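Please have the sequence and the coordinates at hand while reading.

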Amino acid sequence: MIKILHLSDIHMGSGFCHGRINAATGLNTRLEDFVKTLSRCIDRAIEDPVDLVLFGGDAFPDATPPPYVQEAFAVQFRRLVDADIPTVLLVGNHDQHSQGTGGASLNIYRTLGVPGFVVGDSLTTHNINTPRGKIQVITLPWLTRSTLMTRQETKNASLAEVNELLTQRLQVVLEGEIRRLDPHVPTVLLAHLMADNATLGAERLLAVGKGFTLPLSLLTRPCFDYVALGHVHCHQNLHKSNNPPVIYPGSIERVDFSEEKEDKGYVIIELERGRADWEFCPLPVRTFRTIEVDISKADDPQRALMKAIAKNHIEDAVVRLIYKLRSEQIELIDNNAIHEALTLAHNYTIQAELVSQLARPRIPELSASSSIDPKSALQTYLNNREDLKDIAASMLEAAEKLLADDADIWLEAATIDL
């Protein structure tokens, strides 16, 4: 069986706001995290060893990364060249310049003729020889509407109509590639796309350009032995029957806090015609941790805040502290103590949110349609106000006196009228 390593969405050079400058190297520590994680993927490919590496797209945050970021990426993938492991680099939406009209950052590997490297920037079939036999890889890079259709064709059409036309046109082109396949050779579809039943992650905010969503039925063809996807950062198998497996390996590192609870990793596949055994391999990546606490009702807000920080493991983690408080509690917060408590974190941010005292949730028993006497209404209101419990009895007593005085005044006025 042919052994394959499938990874995607490296985004080398992103997330710098969650790191700091390493004084020894002059590099952002998050870049060093991404390099270390990619290195672990390449280590596995070489040590196992695998017969083929499939990269599902989005090497960088954009198509024009700084030279030192490009070099960090190239150094790792050069190791595959030295190990004679063929590699397919698929072009994702972040790899395209000017939405696909100005080339792609990965095209330099084809221009330089890097041995064993295939750049997938068009829908076509690549026949690759591996140590364990031949394999067919259909590359489907990120497609925009302008890739398949002209503006005239989409004029006055709704978004749903445009997507339907795009899907139909792509299906025709893909069918042409399928008809040219050798039915006896294992086949992989390597695609950077959004499938219609995928669970979204940070890519919904990071996406550059207007792509379109493709139906799963377009991917689950019997001619495909494995469907290797990129674009979605959350690892998932879209085809539970595994015939064929349709796999997003996810991104290899956490890009932001929207991926805080996601496992990161790559996929190892053992492939032959008609069969694919795959395994998700988690990577040890840096922890992201959110500490969210409401101290607006605390008698000692500083103590409550410090307690919330202390019960979380924050060492070497990227931390964001979000706490809610009332305006009159601001002067009770010792910011120096908070910063001191968070120094164990790799990086941290602090976000204080003021709780409005003007808009309180309506008490159902006191709606306009309810019939309740004034004294009972006040009692109900006080029962729902923890911050007034110390003076509730005095307020009720004062209310009773006011109500009694009002009753005497009303009776006196009524007697005069009579």
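Leaving aside its neighbours within four places in sequence, with which residues is Ile 10 in contact? In this predicted model, Ile 10 is in contact with Phe 34, Leu 38, Phe 55, Gly 57, Asp 58, Ala 59, Phe 73, Phe 77 and Ile 252, once neighbours within four places in sequence are set aside. Ile 10 is also, together with Leu 7, Leu 38 and Phe 73, one of the residues with the most contacts inside the largest nonpolar core, which has 35 residues. Among the elements that give two or more residues to this core are strand 1 (2–7), helix 2 (67–82) and strand 13 (265–272), while helix 1 gives the most, with six residues.

| Core | Residues in core | Residues named |
|---|---|---|
| Largest nonpolar core | 35 residues | Leu 7, Ile 10, Leu 38, Phe 73 |

Turning to the strands, an open sheet is formed by three of them in the order 15-16-17, with parallel pairing. Because strand 15 (288–294) and strand 17 (347–354) each have a single partner strand, they stand at the edges, and one side of each is left without a neighbour in the sheet. On average, and with direction ignored, neighbouring strands of this sheet are turned by 10° against each other. Strand 16 (residues 318–325) is joined to strand 17 by eight bridges, and Tyr 323 stands opposite Ala 352 in strand 17. Helix 8 (residues 301–310) lies across strand 15 and strand 16, and runs at about 155° to strand 15.

Notes: Residues are numbered from 1 along each chain as its sequence is written. This is a predicted model: local features need pLDDT of at least 70, side-chain atom pairs count only at pLDDT 80 or more; totals for chains, interfaces and linings use all residues. Side-chain values use heavy atoms; hydrogens and water are left out. Two strands pair if DSSP finds at least two bridges between them. Helices (H or I, at least four residues) and strands (E, at least two) are DSSP runs, numbered from the N terminus. Axes are lines fitted to C-alpha atoms, for helices over the stretch in contact, and angles run from 0 to 180 degrees between N-to-C directions. Contact means heavy atoms within 4.5 Å. A nonpolar core is a set of buried Ala, Val, Leu, Ile, Met, Phe, Trp, Tyr and Cys residues joined through side-chain atoms within 4.5 Å. Buried means under 20% relative accessible area, exposed over 50%, partly exposed in between (1.4 Å probe, protein chains only).
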